[in-house]
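Me: I would be grateful for a close look at a single part of this model. Please take the last helix of the nonpolar core as the centre, and relate the charged pairs and the packing to it.

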Amino acid sequence: MSSIWSMTLAAFRDATAANSSTPSCGAAAVVSATMGSALILMALRISESKSAAPGRSELIKRVEQQMAKLGTYADADVRAFERYMDAARLPEHSSIQAEEREQEVQDAVVEATQVPLETAETCLELLRLAEEGVSFTSENVLSDILSGSLLLQGGLSAVLLNVDADAKMLEKGKMREQAVTKRQWLEQQADLYLQSIRKAVCTR
């Protein structure tokens with residue numbers, strides 16, 4: 001499959017709706033969250049074009065960097081799932097093959113768990129930047145900051161559902177516990193940022 005970002009919106013929508021395993025929840029969540037960060041970036045750029053403010057141009061650069069980083073996880077999600085499916089199809093006709101397959105499956109599950117966690121971390125950083133950006137944003141585009149933040153929080157929550165599913169397949173131990181704990185913390189922090197952004201926008 002070629003990069004999701006080389007597809008038209010219509011083609012991506014149809015591919016997501018098709019009777020196939022990819023793209024699915026993770027990629028769709030990344031695309032949605034990336035569009036949210038684009039709205040935040042738009043609001044900051046419009047505000048800067050009307051009246052330059054100290055610190056805003058630097059904030060714009062940071063949002064640009066994090067948006068670009070976030071976008072890479074759409075293809076990473078597809079690759080991680082395909083790696084897992086390839087590992088699950090390996091033969092296990094002998095004890096050696098079974099052991100090799102199990103190791104490949106575990107390695108694939110680790111990657112499939114890590115990708116959504118890293119995606120959520122990037123969404124969280126963008127929410128932090130959105131909160132910072134409220135004071136830099138013109139009143140007429142404040143709604144875009146809030147709309148973008150809602151998409152980021154929604155994308156973060158959606159992608160963490162993959163962690164819920166994949167962590168169950170990790171071998172019991174420290175890695176599984178850390179994944180679950182981190183997943184919970186990320187969603188809690190995102191909810192707090194969204195509350196703060198909503199309050200800041202509504203009281204401007």
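Reply: What follows treats helix α6 and then the parts of the chain that relate to it.

The model is predicted. Helix α6 spans residues 174–202. This helix has 29 residues, and the distance from its first C-alpha to its last is 42 Å, close to the 42 Å expected at 1.5 Å a residue.

The buried residues of α6 include Ala 179, Arg 183, Leu 186 and Ala 190. Further along the helix, Tyr 193, Leu 194, Ile 197 and Val 201 are buried as well. Several of these positions lie three or four places apart in sequence, and a general point about helices applies here. An α-helix has 3.6 residues a turn, so residues three or four places apart point the same way. The cover over the buried residues of α6 includes α4 and α5.

The packing can be followed into the largest nonpolar core, which has 54 residues. Ile 197 of α6 is among the residues with the most contacts inside this core, together with Leu 152 and Leu 160. Helices α2 (25–50), α3 (56–88), α4, α5 (142–167) and α6 each supply at least two of the core residues. The largest share, 13 residues, comes from α4. Leu 152 shows what such a position touches: with residues up to four places away in sequence not counted, its contacts are Ala 33, Ser 37, Ile 40, Leu 70, Cys 123, Leu 126 and Leu 127.

The charged side chains come next. Side chains of opposite charge can pair when their charged atoms come close. The model has twelve salt bridges by the rule applied. Glu 121 is partly exposed, with a relative accessible area of 32%, and Lys 182 is partly exposed at 29%.

Glu 125 pairs with Arg 128, and their closest N and O atoms are 2.7 Å apart. Because these two residues are three apart in helix α4, about one helical turn separates them. Glu 125 is partly exposed, with a relative accessible area of 25%, and Arg 128 is partly exposed at 28%. Salt bridges with shared partners join Arg 62, Glu 125, Arg 128 and Glu 132 into one network.

A further salt bridge brings together the side chains of Glu 48 and Arg 56, at 2.6 Å from N to O. Arg 56 has a relative accessible area of 7% and therefore counts as buried, the cut-off being under 20%.

Finally, the UniProt record, an unreviewed entry, places the feature "domain: Cyclodeaminase/cyclohydrolase" at residues 9–179. Over residues 9–179 the chain is 81% helix and 0% strand, and the end C-alpha atoms are 32 Å apart.

Methods. Residues are numbered from 1 along each chain as its sequence is written. This is a predicted model: local features need pLDDT of at least 70, side-chain atom pairs count only at pLDDT 80 or more; totals for chains, interfaces and linings use all residues. Side-chain values use heavy atoms; hydrogens and water are left out. A salt bridge is a side-chain nitrogen of Lys or Arg within 4 Å of a carboxyl oxygen of Asp or Glu. Buried means under 20% relative accessible area, exposed over 50%, partly exposed in between (1.4 Å probe, protein chains only). Helices (H or I, at least four residues) and strands (E, at least two) are DSSP runs, numbered from the N terminus. UniProt positions are given in the numbering used here, feature names are shortened, and annotations may be inferred rather than shown by experiment. A nonpolar core is a set of buried Ala, Val, Leu, Ile, Met, Phe, Trp, Tyr and Cys residues joined through side-chain atoms within 4.5 Å. Contact means heavy atoms within 4.5 Å. The expected span of a helix is 1.5 Å times one less than its number of residues.
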